[in-house]
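Welcome! Let us take a walk through this structure together, from one chain to the place where two chains meet.

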Amino acid sequence: MYGRKVKLRFFFIILVLITLILSVFLVLKSLEENVVYFKSPSDIKTLSETNKNKIRVGGMVKKNSISIKEKKLNFIITDFENEINVSYSGAVPNLFSEGKGVVAEGYLKDKSFFLATKILAKHDENYMPPEVKAALEEK
Amino acid sequence: MFKLLEPNKIFSVTSKAPKYVLFLFIVVLSVGLTEALILSPEDYKQSHAVRIMYVHVPAAWITLGIFSSITFLSILGYIFKIKNFFLIAKSLAPSGFVFNIIALVTGSIWGKPTWGTWWAWDARITSMLILALFYLMYLLAWRIYENKEQLYKITSIITILGIINIPIIKYSVDWWNTLHQPASINILSKSSIHSSMLFPLFIMTAAFALFSLLIFLMKYNTELIKIKNKGLDRL
């Protein structure tokens, strides 16, 4: 029905697409370490060595873990398997609160202590009016 | 059937369409903005900042949709040598680019009060920036090259390279840890956006789609007039 040239061009495009998808997939797979924006406390636990580079740690702020001592804000980031202590001085975003997502940028002192230079709040995918939230909490 | 593809026949429809589309766009946009800015509730956590979502999310959807359409049209145009498809793709690109920029800028404005930063080099945001660069390359290619055959090839190559980025944008939030939150609306599962917030979101999406259609028709009409002026009787 279609000419020979049309068929050849069709297979050419398919080949180009498959090649591109495979190569991009391979590149991203091998760069996985660097594509992730932050590491979880469990990832930190499995690190072979702690280096001096700036990294980001993310997870939930553990409930009842925020404390302020000598202008230092201390809290615990947890991924419900492992946790890490974080110390920070400076302003925090409005959405930073206990039981909510957080990403801390800074330096690892050791595998259980993190000195943050910047705090970002991570918003989750849930959107609802305050009344609905209150009703959900009552349940 | 192919009689319909004569520039004059197409033009007789597309030259009249913009005023109706414009009217519909204004109506839908007014309803959408009233819903999004006044009638919809504030969010339990981010309060009024949630209203940025009603511009951000539709703009992102439309820009992804337009780039996919441009690629689809370019590939079909290349395989079957249909010049009209390239012109449609060319006319779609400007509004896609504009919505890409809108998505990036509104995301940044939302990010400052919620995340605490204007910009983060996470996978979702970076891949969205790469899409904007592909749009820019595509639009520039149409301005740089004169030779039609060369144009069709180069723009096709740009779209094929760019299309690989689309699934990366879509799934970046599921594959990797990102600062950007995962998708709230899934076809298969229940949406994690409350229904009172979904309605303005969909109305705004319809409004933006109409705006893209309007810009597309205006651009496409210009292309058809150019063809007519050159005295060519078919595409």
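In chain A, the centres of domain 1 and domain 2, taken over C-alpha atoms, are separated by 40 Å. Domain 1 covers residues 4-33 and domain 2 covers residues 37-122, with bounds that come from an automatic or database domain assignment. Before going further, please note that this is a predicted model, in which local features need pLDDT of at least 70 and side-chain atom pairs count only at pLDDT 80 or more, while totals for chains, interfaces and linings use all residues. Residues are numbered from 1 along each chain as its sequence is written, and chains are lettered from A and ligands numbered from 1 in the order in which they are written.

What does chain A look like overall? Its C-alpha trace spans about 80 × 45 × 25 Å along the principal axes. The radius of gyration of chain A is 23 Å, whereas a compact globule of 139 residues would have one near 14 Å (taken over C-alpha atoms; the globule rule is 2.2 Å times the number of residues to the power 0.38).

Chain A holds 4 helices and 6 strands (DSSP runs, H or I of at least four residues for helices and E of at least two for strands, numbered from the N terminus). Their order from the N terminus is α-α-α-β-β-β-β-β-β-α.

Now to the meeting of the chains: 32 residues from chain A and 34 residues from chain B take part in the contact (C-beta atoms, placed from the backbone, within 7 Å). On the side of chain B that touches chain A, H3(B) gives the most, with 4 residues.

Technical notes. Two residues are in contact if their C-beta atoms, placed from the backbone, lie within 7 Å.
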